[in-house]
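Q: Could we go through a structure together, so that I learn how to read its features one at a time?

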Amino acid sequence: MLRPPELKIDFKRYDHPVVLTVEEQAKHVGNFGGALTKNLLLKDKKHRLYIVSALADTKVDMKILSQRLGLGKGGVRMAPEENLCQVLQVPLGCVTPFALFNESASAVSLLLDQGFKSKQSCYFHPLTNDVTIALSSSNLDKFLLSIGKQPAYVDLEASPVVGKDNPPDLADLVPSGAFCSSEESVENPTPKDAPQVNVPKEKTCLPEVKAKPKVQKKGAESSESKVPTNNGANVEIFASDVLEVIFPLFLSEASKKLNIKQEELTQILKLDDFKRRAAPDLESVTNMFKNAAYTAGFHAGFDTMLKSGLGGMPSRK
């Protein structure tokens with residue numbers, strides 16, 4: 001396989017604890033001379049996604065931005081957390097232009113603050129929020145162009161008049177593709193009088209994998225195994241699904257060994273209260289594994305970016 005030519009992108013890397021806000025990030029890299037940035041993931045009514053990347057002190061009015069995109073006053077809002085996971089493939093607090101490296105984010109539009117060009121270097125997370133990358137706008141452009149993204153710098157504080165004689169000045173930045181998610185089916189339910197179409201119960205962008213049917217042996221008790229169908233993006237739902245699978249199995253085995261009916265055992269052990277107490281702990285453990293998976297994904301993606309040319313500079317802690 002032919003390797004792409006070296007991009008010769010100059011940058012500095014700073015490792016630090018996980019940060020979720022610009023203020024937390026500033027405590028670790030604020031004295032190194034770069035400009036802090038804030039990065040927002042927005043979504044319009046047609047489920048199209050936008051990353052707005054701006055200097056930390058730039059004022060972004062979402063109503064004005066929405067009008068400039070030609071979407072009306074309330075056309076864009078903050079995207080849900082599931083879009084961070086499924087589209088950008090980054091954890092919470094880690095929206096970044098570098099996430100456009102992922103194929104799943106190819107349809108996401110990127111609006112860059114024109115103020116970046118006046119700074120010697122700006123700070124961005126790569127694909128995880130325990131690392132900060134410092135680079136100039138020209139070097140950021142090299143990266144974006146290498147993945148087929150034309151950099152679009154915008155005066156995000158401008159408030160031009162939009163009307164019949166003044167078309168939206170940012171309409172060309174509205175993406176053509178929309179991300180498919182379960183939220184879309186909730187926000188746009190099928191009308192009652194619409195023709196019925198046979199579709200899966202759960203709408204998903206991933207292909208459905210059907211499990212092979214189990215062959216039941218003669219004399220064996222009939223039992224149905226319930227498997228959580230949540231994809232893991234919503235930790236609370238996942239934890240609830242796991243508990244719904246575990247507790248019936250526990251009750252069944254315990255009632256057999258103790259020779260007590262399941263209903264009586266449920267009352268004796270107060271399992272409903274136990275579920276409520278166990279759920280937060282299970283959610284915490286699930287989040288731990290989820291963040292570990294994101295970190296592993298980051299290292300794989302970042303190593304690939306390094307091989308593509310975004311590399312060559314030493315890590316600075």
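A: Residues are numbered from 1 along each chain as its sequence is written, and side-chain values use heavy atoms, with hydrogens and water left out.

Q: What is the mean pLDDT of the protein chain, and over which residues is the pLDDT below 50?

A: Where pLDDT is low, the predicted coordinates should not be read in detail. For the protein chain, the mean pLDDT (the predictor's confidence in each residue, from 0 to 100) is 78, and 70% of the residues reach 70 or more. Residues 182-212 have a pLDDT below 50, and this stretch makes 19 contacts in the model beyond near neighbours in sequence, a contact meaning heavy atoms within 4.5 Å. Residues 311-317 also stay under 50, with 14 contacts beyond four places in sequence.

Q: How many helices and strands does the protein chain have, and what share of its residues count as buried?

A: The protein chain has eight helices and nine strands, where helices (H or I, at least four residues) and strands (E, at least two) are DSSP runs numbered from the N terminus. Of its 317 residues, 37% count as buried; buried means under 20% relative accessible area, exposed over 50%, and partly exposed in between, with a 1.4 Å probe and protein chains only. Among contacts between residues at least 6 apart in sequence, 68% join residues at least 24 apart.

Q: How many salt bridges does the structure hold, and which residue pairs with R68?

A: Side chains of opposite charge can pair when their charged atoms come close. The structure holds three salt bridges, each a side-chain nitrogen of Lys or Arg within 4 Å of a carboxyl oxygen of Asp or Glu. D169 pairs with R68, their closest N and O atoms being 2.8 Å apart. This pair links distant parts of the chain, 101 residues apart, with D169 in the loop between β8 (153-154) and α5 (182-187) and R68 in helix α2 (residues 62-68). R68 counts as buried because its relative accessibility is 4%, whereas D169, at 42%, counts as partly exposed. In the bridge between R13 and D15 the closest N and O atoms are 2.9 Å apart; R13 counts as buried at 19% relative accessibility, and D15 as partly exposed at 24%. D44 and R48 form another bridge, at 2.7 Å between the closest N and O atoms, and both residues are buried.

Q: Which element gives the most to the lining of the second largest pocket?

A: Rolling a probe the size of a water molecule over the atoms shows where empty space is left. The second largest pocket holds about 360 Å³ of space. Its lining has 22 residues, of which L20, N39, G93, C94 and V95 are the closest to its centre. The elements giving two or more residues to this lining are α1 (22-29), β2 (37-44), α3 (81-88) and β6 (122-124), and β2 gives the most, with five.

Q: Which residues of helix α4 are buried?

A: An α-helix has 3.6 residues a turn, so residues three or four places apart point the same way. In helix α4 (residues 137-146), the buried residues are S137, N139, L140, D141, F143 and L144. G148, which follows α4, has a positive phi, near 85°. A pocket, on a 1 Å grid over the protein atoms alone, is an open set of points where a 1.4 Å probe fits, with protein on both sides within 12 Å along at least five of seven lines, and lining residues have an atom within 4 Å of a point. E244 is found in helix α6 (residues 235-258).

Conventions: Predicted model: local features only at pLDDT ≥ 70, side-chain atom pairs only at ≥ 80, totals over all residues. Points joined across faces, edges and corners; volume = space filled by probe spheres on them.
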